[in-house]
Amino acid sequence: MTSSASAAAAPSGQPHVRRLIAIWLLLSVIAVPLVIFVLGPHMPPFTFSNEARDQRNVNILLAALGTPVLIGIWVALVYSIASFRQRGPALADGPPIRGGGRLQTVWVVATTVVVLFLAVLGTITLLGTAKGAGGGQGPSPLAVPHGSQPTLPVQVIGQQWAWTFRYPTYGGVETTQLAIPAGRVIALHVTSLDVNHSFWAIRLAVKADAIPGSDNVAFVRPRRPGSFKIRCAELCGLWHGHMFTTGEVLTPAAFATWIRREVVANAAATKVLPPYATHYFPEPLRRAG
Amino acid sequence: MSRGARVLAVAGATAVAVVLVAIYVADFLAANPTPLRAAPAPGGAQLTLQTVASYGHQPHPDWVSYLARDGSGRWHHTTVFKVPAHALVRVTIYQYDTATGLRNPFWSQVRGTIGGTMTVDGRTMNALPPEEASHTFAVPELGISVPLKGVAEEAPNQCEVAPCTAAQAHTTVTFTFRTGNRGRFRWQCFVPCAASFVFGNGGPMQSIGWMDGYVQVV
Amino acid sequence: MSDVAFEQHAPGPAAAPSWWRRLIGFNLLAAFALGIGGWFLGHWIGTRITIGMESQLGTDQNDVATFMGFLFAVLGWLIGLGFLNYPLGRMLGRPASLREKEDEGPGRYFRLCTDHKVVGMQYFVTILLFFLIAGLNAMFIRAELLTPKEKLWNANQYLSLVGLHGTMMLMMMSAAILGPFANYFVPIMIGARRMAFPRLESLSFWLVPPAGLILLSAVALGGFPTGWTGYAPLANTARAGMDAYLFAFALIGLSMTIVGANMLATVVTMRAPGMNWGRLPIFVWGVICTSVLMVLAAPVLFATLSMVALDRTADTSFFLASAGGSPFLYTNLFWFFGHPEVYILALPGFGVVLEILPVFSRKPLWGYRLAVAGMLGVTLLSFMVWQHHLFVSGMNADLRPFYMLTTELISVPTGFIFLNGLGTLWRGRIRFTVPMLFAMAFFSNFLIGGLSGVFLSDVPSDVSTHGSYFVMAHFHYTIMGGLVFALFAATYYWLPKMTGLRFNETLAKIHFWGMFVFFNFTFAPLFVAGMLGMPRRVSVYSSSLQGINDFVSVSAFLLGLSMLVFLVNLVYSMVFARVPAAANPWHSRGLEFQLPTPVPVRNFERTPVIESGPYEYGVPDAPPVAALGRTAVVAGGESSP
């Protein structure tokens, strides 16, 4: 073991600490506005629906808060590597600092405060401002958005391996395509006929698991007409990767035309459908051949 | 250990590893059915299929399955079909299985075919009572979904081993669809027809080569 | 601590038997023979007992026979290895002994051996082998994802590859550090001569190879479509490959429980005099915390998988909504194991990097108590967060704020580890050895993994990122960037001690830089792919994402190549070059490095007395870590007979 005399004689870390904090502050002051104002507007899931916008704002906030942390630890790592690297074969010991003390307290308090802040803010966003943020909330949602017009219920039925959609307010017609009117609150009742699926309307920023025997409600407020991709986000078997389709947000007038056409086109199927229900139990029994 | 022995040991281990990896990959690839080209026909192609209640051969004699017929009239155990692009494809399905019934009656309506119809034993129909369906032939990405009428339970001369012959009890379903651009589209059955599996959705229902496959538009 | 066993070992055999005579007996060969025979016997019995059982008729896949086959195969395997000899011998009145430990020569690596150092080496080779197989699957997956449509594999094959990659990695990585390095070094680090339960230790290892092989047999049984999570009710309907998944993962659950219990018992009861809790190496603390998680979480996995197995064989309906069961039951039970499992993977990594940093910074570990508190905090909290995997499942929606809070709280104790790491580096005398490079890369990677986890813990953000490639990138940053980097840090740090041979440093550095650069190139873009709408486990994706995916695939192939560099280095250094390593190549104060290389079978000539902590670098007049008696050497001395 080498002597620690040289280590004990080393100067204190004060100038290093000051320099490190200066670099960190400088980089953070540059990076955080860049994240908020340059990257922020281009953050997924964009602004196609109110839910997407709310999620994007959360993403911007988390990125803005995470950036100084990322920079801080990277700067400390790189600074240590650059300043305290020992070259050559000589083996010298560093100063025997055991740690603890003020920095430790500051670190614990600071991380706890940030985390509690995030949790409180996340709860307020989820239940208050974003009204569920497009996520599945189960059969009795806590956060219900209200619009000027009545909410349009649409049932999303996952089955191996296709999505179908039922409109209980239009005679319970079932369709292969999802179309919804812009500017209205849509209540998506997601359920499944066999195994677990997950309904993900990517641009709408809606995700709700489709579980057999369960009614999982997610709300969405699309802001303007356009199309969006729907995918399955829970591994559901062979054609999971193929369980996608395209949905449309239409103007209220176009939606009225569309749904009328669908009612006519699917009349033969509608006649034989079971009455609308929040969930349908698949028969589990093993059938004889 | 001498240097030569060490080289030999490492070379041997490497060879064993390469062989095992090759077997592993081959085992995977072996599960891929060979594609069958639909027979040419005026305006496009003719695809002739049959569905059987039990394949009757190894590896899964009890599984329901589709089979396809080539131009010379021989039946092949495959579910990967090649059809021409931008053409009319006439599909004839000889259906030898009894009815199971649809889980979602929505699929009882014919969709995506020319005229939105099919013929069942010569009769033109646009839907089937959901409990009479034995299988469906559905290509969701092309919007095609056709329910196939099951054979009556009490019908005599039921087919038990593939390939089934014209003399055995069956229904004949025909329909035509128009293909678009080239691509590889999956097709499947929506009737929970896998006997003895939970939900009727296991085994053949989840296996390419049985109740699932690809339509390759070339 | 009873050392009765060592006092009464029998003298060696009079004459060495011929080489083919040595192949006969209780060893790997017999294990394979009885294992394969057991499969056929079990399968036959299973087929007999299911005659007339309705649930197994007409499916052409007799799940009962498959399970019975696996069960008898494993029993045959264990009997072939000789696991019944001792219990039967005791029943017949033979005296207690640990005779298996006295074995010498290369043969002991191929049979039941109760020497914890042999078990460590067995684990290292086995885990590495299965790690490479799982990695090969990842290469196949990335090859498919070069194009947005299915090209190379069909849907069935692709899902099997995804499932095999995920399950194999999770199964093997659970013991990646505990298996080789904790088994080898924990007894030495605490001054013990063996583990508390040496035979159970050997059993925990010998369950791993059959688990890996049984999982691989899924390929021949039609694969399984569920990924590593095995969600029911999909698992109820899956083909016979699912049985292989269930049985193999349950075996690993059993093995993990045994490892955990054994480690805890060893550390609690077998520490040398003077090795108080405040002097315990931080790696041992990591092992303790991991063991607690294993003992409490792995049995839940075993139970959950057993329930699925019952659903598949005995026609129960635990997870069938329409028959009184619930799919939520599975997701809850699985993630109650699954989330602690994530920390089973992470905590040994924390232990390894914090063990290595002081050695190469030549400073005491900064904030030892804080590090221990951080690990204990993570251990405790990891049991309270599992429902964050179910934020959009529609279950217990009112509890989401609670799980959001607990999940975010876990970043507080994790943050401690970062402070420990940075504090240790600060004003140190940092030497850039290969283990140190991996340890520092761990912090950079885990930082990104941790910060992306904040997005996933926040429910509004999780709605879009859940089940997407964002999650996939996140957990690869924590598991591969964390655990696997720590695993390689540990390998380069400790393997020279275990084998007495040095690694080629140039190849090692090429491995590090290749792995570090291409790891980040592979997984960083996937955060973007996930946010833009690419779900996990799909082989068909939007063509607008092809650019990202192609870049990722090429990076992944190069990442795979860097693993080959490691493999080449391992074979070259350990088989061909064979440059002897010094007994203490890193000038570490760790007790394990004070022993001669190779470490004697009984580790310590006499029980060591621990006189100071392991991280007293730069402390004036710090006493040596222990008084070791005659065996004590500091650098490359002779070992005692």
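Leaving out residues up to four places away in sequence, C:Ala248 touches C:Met171, C:Ala211, C:Ile214 and C:Leu215. The model is predicted. C:Ala248 also belongs to the largest nonpolar core, which has 347 residues; together with C:Phe442 and C:Ala489, C:Ala248 touches the most other members. Helix α20 of chain C, residues 469-499, provides the largest share of this core, with 21 residues.

**Contact of chain C with chain A**

Between these two chains, 84 residues of chain C are in contact with 87 residues of chain A. On the side of chain C that touches chain A, at least two residues each come from α7 (155-173), α11 (234-237), α14 (327-361), α16 (400-409), α17 (411-425), α18 (434-457) and α19 (459-465). The largest share of that side, eight residues, is supplied by α17(C). By class, the side of chain C that touches chain A consists of 47 nonpolar, 27 polar and 10 charged residues.

One residue of chain A with a contact in chain C is A:Thr125. Leaving aside neighbours within four places in sequence, A:Thr125 is in contact with C:Pro460, and within chain A with A:Asp54, A:Val58, A:Ala130 and A:Ala133. A:Thr125 lies in helix α4 of chain A, which spans residues 101-129. A:Thr125 counts as buried because 22 C-beta neighbours lie inside 10 Å, where the cut-off is 20 or more. A:Trp74 is 51 residues from A:Thr125 in sequence, and the C-alpha to C-alpha separation of the two is 30 Å.

**Contact of chain C with chain B**

Here, 24 residues of chain C meet 25 residues of chain B. On the side of chain C that touches chain B, α7, α11 and α22 (546-577) each contribute at least two residues. That side of chain C divides into 11 nonpolar, nine polar and four charged residues.

**Strands of chain B**

| Strand pair in chain B | Sense | Bridges | Partner residues |
|---|---|---|---|
| β10 (residues 133-139) and β11 (residues 144-149) | antiparallel | six bridges | B:Thr136 and B:Pro147 |
| β7 (residues 88-95) and β12 (residues 171-178) | antiparallel | eight bridges | B:Val89 and B:Phe177 |

Strand β11(B) is mostly covered, with six of its six residues buried. Both of its faces are covered: B:Ile144, B:Val146 and B:Leu148 are buried on one side, and B:Ser145, B:Pro147 and B:Lys149 are buried on the other. B:Pro147, on the latter side, is the bridge partner of B:Thr136. The hairpin of β10(B) and β11(B) has four residues between the strands, and B:Gly143 takes a positive phi near 75 degrees there.

Terms used
Residues numbered from 1 in each chain as written. Chains lettered and ligands numbered in written order. Predicted model: local features only at pLDDT ≥ 70, side-chain atom pairs only at ≥ 80, totals over all residues. Core = buried A, V, L, I, M, F, W, Y, C linked by C-beta atoms within 7 Å. Buried ≥ 20, exposed ≤ 12 C-beta atoms within 10 Å, placed from the backbone. Contact = placed C-beta atoms within 7 Å. Nonpolar A, V, L, I, M, F, W, Y, C, P; charged D, E, K, R; others polar. Pairing = 2+ DSSP bridges.
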